[in-house]
Amino acid sequence: MALTREEILAKRSVRPRKSVDVPGLGQVWIAKMTAKQRDQFEKIVTGGKPGQVNLDNTRAKFVELVVVNEDGTPMFKAGAADAIGDLDSDVVQTIVNEGFAFNGLGGTA
């Protein structure tokens with residue numbers, strides 16, 4: 001039997017997440033991006049211009065989108081990427097690598 005509209009939209013609050021051990025930082029929860037967040041990230045990467053690549057604090061902006069509290073609520077508010085960008089690059093890159101893999105980004109995504 002096919003799902004109803006209400007059953008599909010009820011899944012909005014369900015974001016799969018997992019705990020990741022980040023050397024030099026400790027345990028961090030990352031979550032699957034919502035469709036809106038994925039579009040937002042793609043816009044960040046392209047600078048809103050298809051075919052372009054924007055590298056302006058892109059890793060930190062991705063971390064801002066995918067790092068959550070244990071209950072799945074966002075850990076960071078919009079605009080936190082500037083502070084996140086000041087973290088050790090290995091710490092940020094570990095979260096990015098795990099987040100990309102968990103969200104099916106990179107490679108053939």
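The model is predicted: local features require pLDDT of at least 70 and side-chain atom pairs count only at pLDDT 80 or more, whereas totals for chains, interfaces and linings use all residues. Residues are numbered from 1 along each chain as its sequence is written, and side-chain values use heavy atoms, with hydrogens and water left out. Helix α3 has seven buried residues out of nine, so it is largely enclosed by the rest of the structure.

- Beyond its neighbours within four places in sequence, Met33 is in contact (heavy atoms within 4.5 Å) with Arg15, Arg38, Phe41, Phe62, Leu65, Val66, Asn103 and Leu105.

**Surroundings of α3**
- Buried residues (under 20% relative accessible area, with exposed over 50% and partly exposed in between; 1.4 Å probe, protein chains only) in α3 are Thr58, Ala60, Phe62, Val63, Glu64, Leu65 and Val66.
- These buried residues of α3 pack against β2, α2, β3 (67-68), α4 and α5.

**Packing of α2 with α3**
- Helix α2 (residues 35-46) packs with α3 at an angle of about 170°, their axes being 10 Å apart; axes are lines fitted to C-alpha atoms, for helices over the stretch in contact, and angles run from 0 to 180 degrees between N-to-C directions.
- The two helices α2 and α3 are therefore roughly antiparallel (over 145 degrees; under 35 is roughly parallel, 65 to 115 roughly perpendicular and the rest oblique).
- From α2, Gln37, Gln40, Phe41, Ile44 and Val45 meet Thr58, Lys61, Phe62 and Leu65 of α3.

**Packing of α3 with α5**
- Helices α3 and α5 pack at about 60°, with axes 9 Å apart, which makes α3 oblique to α5.
- Arg59, Ala60, Phe62, Val63 and Val66 of α3 form this contact with Val92, Gln93, Ile95, Val96, Gly99, Phe100 and Asn103 of α5.

**Val45**
- Val45 lies in helix α2 and, at 27% relative accessibility, counts as partly exposed.
- Apart from neighbours within four places in sequence, Val45 is in contact with Gln52, Val53, Asn54 and Thr58.

Methods. Helices (H or I, at least four residues) and strands (E, at least two) are DSSP runs, numbered from the N terminus.
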